[in-house]
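Take a look at the chain shown here.

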Amino acid sequence: KLRRWVFQTLGRDASRNTIRRVLRQAKLTWKKVKKLLGKAKPEKRAAHVRQLLTLFAGVCAGEVTLIYVDEVHVHRDLDLGYTWGRRGQRLWRRSDCPRLQDRMNAYGAYDFTHGECLLWHGGWCNGEQTVRFLRELARWRAGRKGRVVLIWDNAPCHVAKLATAEAARLGIEVVNLPGYSPDLNPIERLWDWMREDVTRGFCHASVAELVAACQTFIARINRDPIALIDRLWPKFELDPEFEEKLRVSN
């Protein structure tokens, strides 16, 4: 693409090595493109960050248990990615081609205040299952001091009347993330971390084995709360001069 652009723009037929050398001289590097959801509203994202800073003050004062929640769907088949292999040899990993239905559908909670995660596997994620998960969440945090504040997105199972009513009955305050803003939920990075550890380059023999491996992963990272919080630190600042401008349609 770059060679074609150079020829069309400058009338020069540059080689790949020449283009690479010029780009490096310009202090550019080869990067993986990340998708930014353009439908997000910068003003709503900014308002959420201001609210989060207020909640964080409560966390520091020991008055708030701040919990991020999201669902995860992990397929039994292996995830592709980078690993170490012998130079000059193609690296293969065997898959038994699991069906699309062979996956774990689970709810996850990340307690930012105490540096601990919960993975609850109870079937398909809908309003009724969300109610059951909220009850499990309340049992998990029973005895903790202060308000329990839950942050999640606007998925149908979250905004369902029976789920919001159950959260109110349990005394759980709910804060909904602004639309199209998964980057404001640090638990999304937990799922990337878990896939890297559990399914990267490995095909599990059964869904039960996959669930057990995921639970083992959660138990292991919970043993080091400081490292967990450090890796899943929420976004307290936005980039209004670059990233947030990209979200505004012309």
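A residue is called buried when its relative accessible area is under 20%, and exposed when that area is over 50%. Keep in mind that this is a predicted model.

Cysteine 125 has a relative accessible area of 14%, so it is buried. Cysteine 60 comes out at 57% relative accessibility, so it counts as exposed.

A disulfide is a covalent bond between the sulfur atoms of two cysteines. To count as one, the two sulfur atoms must lie within 2.5 Å. How many disulfides does a search of the whole structure find? It finds zero. Take cysteine 60. Its closest cysteine sulfur belongs to cysteine 117 and is 19 Å away, which is too far for a bond. Cysteine 125 is in no disulfide either. For cysteine 125, the nearest cysteine sulfur is that of cysteine 157, at 6.2 Å.

Now move to helix α6, which covers residues 161-169. Which of its residues are buried? They are Ala163, Glu166 and Ala167. Look down the axis of α6: these buried residues fall within an arc of 100°, so they line one face of the helix. The other side of α6 has exposed residues: Lys161, Ala168 and Arg169.

How values were computed
Residues are numbered from 1 along each chain as its sequence is written. This is a predicted model: local features need pLDDT of at least 70, side-chain atom pairs count only at pLDDT 80 or more; totals for chains, interfaces and linings use all residues. Side-chain values use heavy atoms; hydrogens and water are left out. Buried means under 20% relative accessible area, exposed over 50%, partly exposed in between (1.4 Å probe, protein chains only). Helices (H or I, at least four residues) and strands (E, at least two) are DSSP runs, numbered from the N terminus. The arc is that of the directions from the helix axis to the C-beta atoms.
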